[in-house]
Amino acid sequence: MASAASWSGRTVLDLGCGSGFHLPRFAATAGRVYGVEPHPALLRLAARRTRSLTNVSLLAGTAQAVPLPDASVDVVHARWAYFFGPGCEPGLRELARVVRRGGTAFVIDNDATRSTFGGWFRRGYPTIDPAAVERFWSARGWTRVPLDVDWRFDSREDLEAVVRIEFTPEVAAAVLAEHEGTTVDYAVNLFWKRF
Ligand SMILES: C[S@@+](CC[C@H](N)C(=O)[O-])C[C@H]1O[C@@H](n2cnc3c(N)ncnc32)[C@H](O)[C@@H]1O
C-alpha cells in the first residue's frame with residue numbers, strides 16, 4: 001500500500017474498521033485517522049484500543065453513508081469490509097465523494113482463484129465468482145496487486161476455531177479433515193485506485 005500512496009501526515013479513513021486493529025498502525029504516521037464502523041460493539045472495542053491516540057476519531061456509519069464531508073480524506077482503507085465487488089456501487093459513490101482529488105483508496109479482499117484458503121472459500125461461498133469480482137474492479141479502473149499471505153496460529157485449536165467462524169459446520173469439518181498443521185497459505189487481492 002505504501003508503495004502506491006503514502007499516508008504520512010495525511011487524513012486516513014478506515015471504512016469498516018471493526019475492532020480497530022489497523023487504526024494505531026495508520027495513526028503512527030498519519031495526520032488524522034477516522035475509523036467508521038456500523039457495529040456498536042466493535043466501535044466500542046476500537047475506541048478502547050485507540051483511547052490514547054489523539055489523532056484517531058471513531059464514527060458510527062457505513063460505507064454507503066460515510067459520515068464525513070465531501071473531499072475530506074486522502075487515503076481510504078477497507079479491509080474485508082463491504083467492498084466485495086458487485087453490489088458495492090453505493091459505497092463506491094461515497095468514496096468518490098469523500099476522497100480529495102489525488103487521493104487513493106485501497107480495498108483488500110480474498111483472492112479465491114488460488115491458494116489453500118482460496119479453495120476453501122470457493123467451497124464455502126460457491127455463488128461468488130472470483131473472476132467476476134476481478135472484472136468488476138478492473139472495469140472501474142482499479143489496479144490489482146496479488147499478494148500471498150499466511151494464517152499462522154500458535155495452536156491447532158486456534159486455527160480450528162477461526163475456520164469455524166469463517167465457514168458452515170459442514171465446510172469447516174471437511175476442510176479441517178484435509179489440512180494438517182497450524183499454517184494456511186492465503187491469497188489476497190489488494191485493489192487500489194487514484195481519485
Ligand atoms: C471481517 S471485519 C474486518 C474488520 C477490519 N477491517 C479488519 O480488517 O480488522 C468486517 C467489518 O465490516 C463491517 N461492515 C459490515 N457492513 C458494513 C458496511 N455496510 N459499511 C462499512 N462496514 C461494514 C463489519 O461490521 C466489520 O467490522
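Accessible areas in these legends come from the Shrake-Rupley method with a 1.4 Å probe, and for residues only the protein chains shown count as cover.

**View 1. The surface and fold of the predicted chain.** The chain exposes about 9,900 Å², of which carbon and sulfur atoms supply 53%. This is a predicted model, in which local features need pLDDT of at least 70 and side-chain atom pairs count only at pLDDT 80 or more, while totals for chains, interfaces and linings use all residues. Residues are numbered from 1 along each chain as its sequence is written, and side-chain values use heavy atoms, with hydrogens and water left out. The chain contains seven helices and seven strands, taken as DSSP runs (H or I, at least four residues, for helices; E, at least two, for strands) and numbered from the N terminus.

**View 2. The interior of the chain.** Buried residues, meaning those under 20% relative accessible area (1.4 Å probe, protein chains only), make up 44% of the 195 residues of the chain.

**View 3. The shell around the ligand.** The ligand is surrounded by 15 residues, and the closest are G16, E37, A63, Q64 and R79; a residue is counted here if one of its heavy atoms lies within 4 Å.

**View 4. Backbone atoms facing ligand nitrogen.** Polar contacts are pairs of N or O atoms within 3.5 Å. A polar backbone atom of G16 is 2.8 Å from a nitrogen atom of the ligand, and for A63 a backbone N or O atom lies 2.9 Å from a ligand nitrogen atom. The protein buries 70% of the 600 Å² that the ligand exposes when taken alone.

Key. Polar contact = N/O pair within 3.5 Å; in protein donor to acceptor, adjacent residues only side chain to side chain. Buried < 20%, exposed > 50% of the residue type's maximum accessible area, 1.4 Å probe, protein only.
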